[in-house]
Protein chains: 2
Amino acid sequence: MPISKIAVIGFGVVGSGAVELFYKNKELIEKRSGRKMDIKWICDLRDFPGSPFADKFTKNFDDILNDPEITVAAEMIGGKTLAYDYTKKLLSRGVSVVTSNKELVAYHGAELIKLAKENKCNYFFEASVGGGIPIIRPLHQCLAANRIERISGILNGTTNFILTKMIYDHVAFDEALAEAQRLGYAESDPSADIDGADACRKLCILGSLAFGKHIYPEYVHCSGIRQITLDDVEYAETAGYAVKLIGLIDRTEKGLVATVCPRLVSVNNPLSGVNDVYNAIMVRGDGVGDTLFYGRGAGKEATASAVVADIIDAVKHENADIASLTWEDSTDRDFIAPYKSADVRVYVRVKCNDADSLKGLITQFFGYVDFIPRKQRSQNELAFITPLIEEYQINKKLALLSEHADIMKRIRLL
Amino acid sequence: MPISKIAVIGFGVVGSGAVELFYKNKELIEKRSGRKMDIKWICDLRDFPGSPFADKFTKNFDDILNDPEITVAAEMIGGKTLAYDYTKKLLSRGVSVVTSNKELVAYHGAELIKLAKENKCNYFFEASVGGGIPIIRPLHQCLAANRIERISGILNGTTNFILTKMIYDHVAFDEALAEAQRLGYAESDPSADIDGADACRKLCILGSLAFGKHIYPEYVHCSGIRQITLDDVEYAETAGYAVKLIGLIDRTEKGLVATVCPRLVSVNNPLSGVNDVYNAIMVRGDGVGDTLFYGRGAGKEATASAVVADIIDAVKHENADIASLTWEDSTDRDFIAPYKSADVRVYVRVKCNDADSLKGLITQFFGYVDFIPRKQRSQNELAFITPLIEEYQINKKLALLSEHADIMKRIRLL
């Protein structure tokens, strides 16, 4: 039996995890796939003295590119400069590439998939969304018979850890962030996580796959969790909701509405119970209804699990592309509707001195709202949830309200 | 582009659902798969006057078997007599078969997969477990790099509906069953569901795939939910658990331990929140950790979603079998360990007149147990949860205890 030769590019957390998992379960993997395979090269600019993989290291990418034995390469360097360049070169030579690089897929996925097809190889990225959670294949294979109506998900473990600390331990945002950093869940500059950019990239990948057109990050309305306070978390809890950073794409009559923002999630929605660094993605199809995929959204071993699965699939599909893993590169964004055109309910917290008269005013503007009981909260504030109407309309009504009271916070409901 | 011709065998709930979903989303399906396809035959012994598919019906299976145009057939007649015969004939001719028939796969899966491979076609059964929930492909493809440590799942919607009614509406078992029958969730003879046989078949399929050896239903210790009372449900709730019918396979040092039985599931386990007719399957891999797959476990549209996904995949893999979808047919059951050899905690409810002295005795037998507070319960009973020890040992201790008190119920914990 011929042995498929694999190259690993980038030996950081995910890269080393993938190599270790591969060798740990090599026998099982080869049995399951019916093929022999081995890692021939590991490319990294750093030195790894004493590594058991010493015979595989190279600092020169060309060693891989020019090696005709290599049929699959795993790119785990991240970013969209060097990784982009390497990936294009490999695919152009007919070498399949698997990656955990969500940024590269979110910005250049359509182009790279097309390039792979042209060269009869594959570009796989199961590890780019949800760490080890199987979601890319289930979405484009198992749910292929469905028109996808909605994708909603908790796509970032760092922010979910912070919000979980706030909800369960009643710790303020800054303190929860500091703990996430202490535990290595958040980087020293945490902005890509807490401002939503990371979740946004993952949402773009899922959306592109589900809806068939490349959804670029700039098509998505994105806001993070910096503004969420313990007050909000506690009001939400009183009303039967958990505050979560939700990536959401809805198919509406006006087009796709794509947002990443904090939302109040009802305790009846399984996403509300997804805690700590766990991720979960809910997919609604016209046949299957709601399905949910849950697991560790990050971490060395979990992400390695997805990378190695992609390697196995790439080896099995040498010289045959997987046609269904594809989407169009859209030249315009006509298929995206303004997020404010979507119907939504909004949680609003306002300062007030005279609750009764303000309640009257709010009811006058909105017709009917759910006021959230105060329960150990400050007397001079009022929280309520609007009815389900177009966000434009809600904003108009809140503009009127702001002439009478200071609006401190607004958070959408899921 | 050539058109792949498909046959549908059995036009009941799932069969008609699959045909309807296929035509509803045909354009999308063909675009995604990059292939044209059409349903040529629908085989059923009944008449369907006025059906829009009138030109496709046949009562003669040989019309399908002898049609060289047919490359994929969907078997949705159920059972393991006629379905077994048809499937063997089709696979022997190199026609791929997809099915929702869990009974057939649980009893003859290894043989039929082997037959498919010998004839360079495929036998797919995504719809046989969890209705529309993607689980078969995620398990053998996306988690292929993992050594699977545990599979635990809520695999039967009928029993989960009944238990949910008991938990949330405090309705007794008989009444909950009657409602399930009224709503069409349970059959007039509900034994296959409530005694666990249905869940057992599904567990066998998942286990065979995950652990690589055919796990026959008779290898699984199986008990249903008939004995669960409102008392048990309420004690469980007090202690922080929900009673669920759980299919479980654990890899232990002694071998695989496979059971289907009611279990107390901690509220911290996501399975505890899976309600109504929903199913969920948790898979623990040595790389990925715990992943969970959730959705509607039954129903016309959901199951059709999985059947049509399999049809698409079978069409895409004409003349190429998917090597990883396989397991060995084991001639002995050495790899299965006796379920009583597993460590477990058990909830026990006993009759008692003198709680204090009985508590002393229980503590003496078990060292330490968690007594569940009575909270509006009868004074002359006592409920507790044993420590984690081998089930053989627990049974020995309970035998001793039964000399002093009447043991009314024992339910394992997950």
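The points below take up the symmetry, the interface, the paired strands and the nonpolar core in turn.

1. The structure is a predicted model, and the remarks that follow should be read with that in mind.

2. On the relation between the copies, chain A can be laid on chain B with an RMSD of 0.0 Å, by a turn of 180° together with a shift of 0.0 Å along the axis. The two copies are therefore related as by a two-fold rotation axis. Within chain A, the C-alpha nearest this axis belongs to A:F293, and it lies 2.5 Å from the axis.

3. On the extent of the interface, 45 residues of chain A are in contact with 45 residues of chain B. The elements of chain A that each supply at least two residues of the side touching chain B are α2 (26–33), α6 (136–142), β12 (289–296) and α12 (300–316), and the one that gives the most is α12(A), with 10 residues.

4. On strand pairing between the chains, β12(A) pairs with strand β12 (residues 289–296) of chain B in the antiparallel sense, over 3 bridges. Within this pairing, A:L292 stands opposite B:Y294, a residue of β12(B).

5. On the sheet in chain B, 6 strands form an open sheet with parallel pairing, in the order β3-β2-β1-β4-β5-β6. Its edge strands, each of which pairs on one side only, are β3 (57–58) and β6 (123–124) of chain B. Strand β1 (residues 3–9) of chain B runs parallel to strand β2 (residues 36–43) of chain B and is joined to it by 7 bridges; the bridge partner of B:I3 in β2(B) is B:K36.

6. On the nonpolar core, the largest one has 287 residues, of which A:A18, A:V307, B:V8, B:A18 and B:V307 touch the most other members. As general background, nonpolar side chains in soluble globular proteins tend to be buried together.

7. Which residues is A:V307 in contact with, leaving aside its neighbours within four places in sequence? The contacts of A:V307 are A:V14, A:A18, A:A74, A:M76, A:V98, A:S100 and A:A127; among these, A:A18 is also one of the core residues that touch the most other members.

Technical notes. Residues are numbered from 1 along each chain as its sequence is written. Chains are lettered from A and ligands numbered from 1 in the order in which they are written. This is a predicted model: local features need pLDDT of at least 70, side-chain atom pairs count only at pLDDT 80 or more; totals for chains, interfaces and linings use all residues. A nonpolar core is a set of buried Ala, Val, Leu, Ile, Met, Phe, Trp, Tyr and Cys residues joined through C-beta atoms within 7 Å. A residue is buried if 20 or more other C-beta atoms lie within 10 Å of its own, exposed if 12 or fewer, and partly exposed in between; C-beta atoms are placed from the backbone. Two residues are in contact if their C-beta atoms, placed from the backbone, lie within 7 Å. Copies are superposed by least squares on the C-alpha atoms of residues with pLDDT of at least 70 in both. Helices (H or I, at least four residues) and strands (E, at least two) are DSSP runs, numbered from the N terminus. Two strands pair if DSSP finds at least two bridges between them.
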